[in-house]
Amino acid sequence: MFRTIALMLGLYVFAMGEIGNAAEDSKVVAEGEWSKSVVDKDGYAVRGRLVLCEKAGADDRRKFAVYVEIQDASDFISSSGMQLYCDMGRNDFRPEYKGGLRCEMLDKDQKIIESRGFPFGGAVPLSEWVRLPVDATIRLRSTPFGISGAKVMAISPGLNQMWEIADGDASEYFLSGTFTIDPAADRVPIGEGHVWRGTIELPAMKIVNITR
């Protein structure tokens with residue numbers, strides 16, 4: 001048990017260090033258009049988009065992180081905003097499980113580029129309830145912490161996907177995805193707010209590997 005606690009503490013310290021570095025030096029290198037508004041059965045609406053940021057690194061290994069931005073798009077003002085169960089740490093990759101972020105990458109000819117899995121033992125973003133205040137926008141990281149590559153742009157929206165674009169590759173690539181919020185009945189939010197459910201179709205963002 002002590003070993004488990006120590007491991008969890010280590011991951012927490014590692015993640016907090018990554019978050020601290022991200023806050024100090026992070027640059028947006030690509031962002032998609034906003035999706036169409038998705039309205040649930042009670043009239044609450046959200047929209048989203050993908051964002052790619054480059055993080056400052058202490059060495060020559062470049063670090064990139066994919067984010068999902070979600071925005072309140074309702075036509076009315078609610079009393080307490082919305083509660084969203086954001087499965088950013090998704091580890092269920094069965095086809096029948098629809099929650100969380102799923103991405104695909106196309107080349108300039110609109111052909112699918114297959115992603116690959118990779119060994120990983122670090123920290124991942126949490127799957128948790130997130131409150132979206134009225135008329136607000138939030139940005140949520142999906143990329144596991146510590147992903148980097150030497151002389152490549154390593155793009156990993158989650159634990160089961162990675163694409164690498166080599167430095168010097170001037171081609172255009174397009175990353176799109178779906179983000180599904182559909183918590184199980186036994187997941188109860190902390191605090192007040194309408195529980196929103198639905199799937200957001202995230203438009204493709206153009207990615208070009210521009211080296212520093």
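L106 stands opposite I112 in β7. The model is predicted: local features need pLDDT of at least 70, side-chain atom pairs count only at pLDDT 80 or more, and totals for chains, interfaces and linings use all residues. Residues are numbered from 1 along each chain as its sequence is written, and side-chain values use heavy atoms, with hydrogens and water left out.

**Sheet.** β6 and β7 pair in the antiparallel sense over two bridges. Pairing requires at least two bridges found by DSSP. Strands are DSSP runs (E, at least two residues), numbered from the N terminus. The open sheet has four strands in the order β7-β6-β13-β15, with antiparallel pairing. β7 and β15 are its edge strands, each pairing on one side only.

| Strand | Residues |
|---|---|
| β6 | 100-106 |
| β7 | 112-113 |
| β15 | 198-207 |

**Core.** The largest nonpolar core has 35 residues; I70, L175, F179 and I207 touch the most other members. Such a core is a set of buried Ala, Val, Leu, Ile, Met, Phe, Trp, Tyr and Cys residues joined through side-chain atoms within 4.5 Å. Beyond four places in sequence, F179 contacts (heavy atoms within 4.5 Å) include I70, L101 and I200.

**R49.** R49 lies in strand β3, residues 45-55. Why does R49 count as buried? Its relative accessibility is 15%, and buried means under 20% relative accessible area (1.4 Å probe, protein chains only).

Terms used
Buried means under 20% relative accessible area, exposed over 50%, partly exposed in between (1.4 Å probe, protein chains only).
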